[in-house]
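Student: I'd like a close look at one part of this protein: the charged pairs. Could you walk me through them and show me what lies around them?

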Amino acid sequence: MKATTEEIAATEAYERSIEATVTEVRPEGVVLDRTVFYSRGGGQPGDTGWLRWNDREARVTDTFRQGGQPVHVIEGDPPAVGTRVGAEIDWDRRHVLMRTHTALHALSGIIWRDYGAKVTGGNMEPGVARMDFELESMSGEFGREVEGKLNQELAADRPVRVEFLPRLEALEDPDLIRTKVNLIPESVDPIRVITIEGLDRQADGGTHVRSTGEVGAVSVVKTESKGKAFKRMRIELVGDDRSP
Ligand SMILES: [Zn+2]
């Protein structure tokens with residue numbers, strides 16, 4: 001049985017690079033014994049970056065999960081199995097994704113708290129995101145109103161916490177029930193939970209910033225009705241990168 005890749009991003013979102021060993025070379029890409037790269041999922045794109053070995057360098061253009069393992073998609077010839085490599089993510093891109101992802105969670109918390117609407121889906125690219133939610137109707141002022149609340153919550157600099165909860169405990173947490181924790185495959189235990197203190201709590205595999213202040217300002221660029229109880233909102237980061 002093959003060893004599972006140690007995935008650093010699950011606990012240490014701020015780690016940018018690591019030394020690792022190539023454990024597999026597949027037609028799609030390279031598997032490492034440990035990695036700081038995030039595999040695309042949960043609406044967050046996979047990381048890009050570089051692998052370096054000896055005097056060589058290969059660009060990583062995507063990271064995705066295949067058979068449970070993160071696969072680093074690379075341009076050009078891959079390093080052979082057993083090679084020691086330096087693996088480094090494109091931190092500027094990743095940090096923008098962390099800010100974008102955290103903004104989506106804050107938005108989700110507000111939409112639930114103030115409008116009683118559940119979030120049904122979402123997707124993001126660096127600096128831009130979309131969220132779908134179950135709301136019967138929106139006023140013309142809805143977008144501006146939500147934007148004001150969102151920026152207020154972000155500016156409150158609420159801490160963002162990562163924790164791992166035993167599955168049975170997670171299934172009984174009211175906030176996690178709301179975000180459909182029961183749909184997570186039964187084999188997943190413990191369950192990773194992201195909490196924005198006082199605002200939002202959800203089971204999530206993605207990477208987030210440490211506190212909402214780091215997101216900076218956000219603009220609601222569009223609200224659309226896609227049908228009865230199906231509304232869509234698009235947001236964009238417009239503030240400064242407040243990275244440490
Ligand atoms: Zn998320």
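**Charged pairs and their surroundings**

Tutor: Let's start with Glu6 and Arg34, whose side chains form a salt bridge with 3.6 Å from N to O. Glu6 belongs to strand β1 (residues 6-7) and Arg34 to strand β4 (residues 34-35), so this pair ties together parts that are 28 residues apart in sequence. Keep in mind that we're looking at a predicted model. Here's the idea behind such pairs: side chains of opposite charge can pair when their charged atoms come close. Glu6 is partly exposed, with a relative accessible area of 45%, and Arg34 is partly exposed too, at 27%. Searching the whole structure turns up 22 salt bridges, so let's move on to some others.

Go to the open sheet next. Its 4 strands come in the order β9-β10-β15-β14, with antiparallel pairing. The edges are β9 (119-125) and β14 (218-227), each of which pairs on one side only. On average, neighbouring strands in this sheet are turned by 15° against each other, direction ignored. Strand β10 (residues 128-133) and strand β15 (residues 230-237) run antiparallel and are joined by 6 bridges. In that pairing, Arg130 stands opposite Arg234 in β15.

Arg130 forms a salt bridge with Asp132, where the closest N and O atoms are 3.5 Å apart. Asp132 counts as buried at 5% relative accessibility, while Arg130 counts as partly exposed at 22%. As a reminder of how strands work, in a regular strand the side chains alternate between the two faces of the sheet.

Now for Arg234: its salt-bridge partner is Glu224, with the closest N and O atoms 3.4 Å apart. Arg234 sits in strand β15 and Glu224 in strand β14, so the pair ties together parts that are 10 residues apart in sequence. Arg234 is partly exposed at 30% relative accessibility. Glu224, at 16%, counts as buried, because the cut-off for buried is under 20% relative accessible area. Salt bridges can also link up: Arg113, Asp114, Lys149, Glu153 and Arg158 are joined into one network by salt bridges that share partners.

So what packs on this sheet? Helix α1 lies across β9, β10, β14 and β15, and runs at about 25° to β10. Helix α2 (residues 142-155) packs on the sheet as well, touching β10, β14 and β15, and its direction makes about 135° with that of β14.

Away from the charges, look at the nonpolar residues. The largest nonpolar core has 48 residues, and Leu51, Leu107 and Ile235 touch the most other members. Helix α1 gives the most to this core, with 9 residues. Leaving aside neighbours within four places in sequence, Leu107 is in contact with Met131, Val146, Leu150, Met233 and Ile235.

The zinc ion has His101 (NE2), His105 (NE2) and Asp204 (OD) as its protein donors, lying 1.8 to 2.1 Å from it. His101 and His105 are 4 residues apart in helix α1 (residues 91-115), so about one helical turn separates them. His101 is buried, with a relative accessible area of 3%, and His105 is buried at 4%.

How values were computed: Residues numbered from 1 in each chain as written. Predicted model: local features only at pLDDT ≥ 70, side-chain atom pairs only at ≥ 80, totals over all residues. Heavy atoms only, no water. Donors = N, O, S within 2.8 Å, 3.2 Å for Na, K, Ca; no water. Helix = DSSP H or I, 4+ residues; strand = E, 2+ residues; numbered from the N terminus. Buried < 20%, exposed > 50% of the residue type's maximum accessible area, 1.4 Å probe, protein only. Pairing = 2+ DSSP bridges. Axes fitted to C-alpha atoms, helices over the stretch in contact; angles between N-to-C directions. Contact = heavy atoms within 4.5 Å. Core = buried A, V, L, I, M, F, W, Y, C linked by side-chain atoms within 4.5 Å. Salt bridge = Lys/Arg side-chain N within 4 Å of Asp/Glu carboxyl O.
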